[in-house]
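Have the sequence and the 3D view ready as you read.

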Amino acid sequence: MKSTQATQEEYFSFLRSVSLLRDLPEEKLAKIVDCLEIDYFDKGEYIIREGEEGNTFFIIAKGEVCVTQTTEGCTEPQEIKTLGVGDYFGEKALISEDVRSANIISTENDTQCLVVDRDNFNQMVGTYEELQAYLKEYVEELSRCDERRNLH
Ligand code: WNU
């Protein structure tokens, strides 16, 4: 990300406020700020599509998104939750080395996401064991949720 130092500092302190990244060392966080992309989405726009390949991890900096997923016996994907500022998504495809497992749709105009690509995600997570363990467990829990949802 190329931006003014003021903006860099804003993103730095924002990222520090994201619970997942709370304990990351200073230089790691600064590195993430350096390689961030910012993406903007309008209301109704798909940020992630279930079944597609994905190589990015997202942190919501502004706005709101909803998570929907194909459910057995339903013609339309079902809404499973909404996420807001400071929440993140897209880790599952990166960690499970699988396609996207749900849709992520912006529910507001001018939703802003900080986007981390796979290489930087791996550097952020890979060298930090607690974070890796936490996310891995969370992703396994999501798989169990998916199964349960489709078990009727
Ligand atoms: C769910 N099932 C599935 C969410 C975000 C982060 C964490 C929950 Cl740590 P992806 C689609 C994304 C997926 C997840 C997100 O959707 N997601 C879920 C579920 O019940 N995915 N399969 N709930 S919100 C959420 C925990 O980030 O990653 O790359 O793309 O598969």
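How many residues surround the ligand, and which are the closest? There are 20 residues around it, and Glu91, Arg100, Ser101, Asp146 and Arg149 are the closest; a residue counts here if one of its heavy atoms lies within 4 Å of the ligand.

Keep in mind that this is a predicted model, in which local features need pLDDT of at least 70, side-chain atom pairs count only at pLDDT 80 or more, and totals for chains, interfaces and linings use all residues. Residues are numbered from 1 along each chain as its sequence is written, and side-chain values use heavy atoms, leaving out hydrogens and water.

Here are some polar contacts, meaning pairs of N or O atoms within 3.5 Å:

| Protein side | Ligand atom | Distance |
|---|---|---|
| Lys81, side-chain N or O | nitrogen | 3.0 Å |
| Glu91, polar side-chain atom | oxygen | 2.7 Å |
| Lys92, backbone N or O | oxygen | 3.4 Å |

On its own, the ligand has 600 Å² of accessible area, and the protein covers 99% of that (Shrake-Rupley method, 1.4 Å probe).

Now for the helix. Helix α1 covers residues 5–17 (a DSSP run of H or I, at least four residues). Its buried residues are Gln8, Tyr11, Phe14 and Leu15, where buried means under 20% relative accessible area and exposed over 50%, with a 1.4 Å probe and protein chains only. Seen down the axis of α1, the buried residues fall within an arc of 130°, so they line one face of the helix; the arc is taken from the directions from the helix axis to the C-beta atoms. The face turned away from the buried side of α1 carries the exposed residues Gln5, Glu10 and Ser17.

Notes: Helix = DSSP H or I, 4+ residues; strand = E, 2+ residues; numbered from the N terminus. Expected span 1.5 Å × (residues − 1). Polar contact = N/O pair within 3.5 Å; in protein donor to acceptor, adjacent residues only side chain to side chain.
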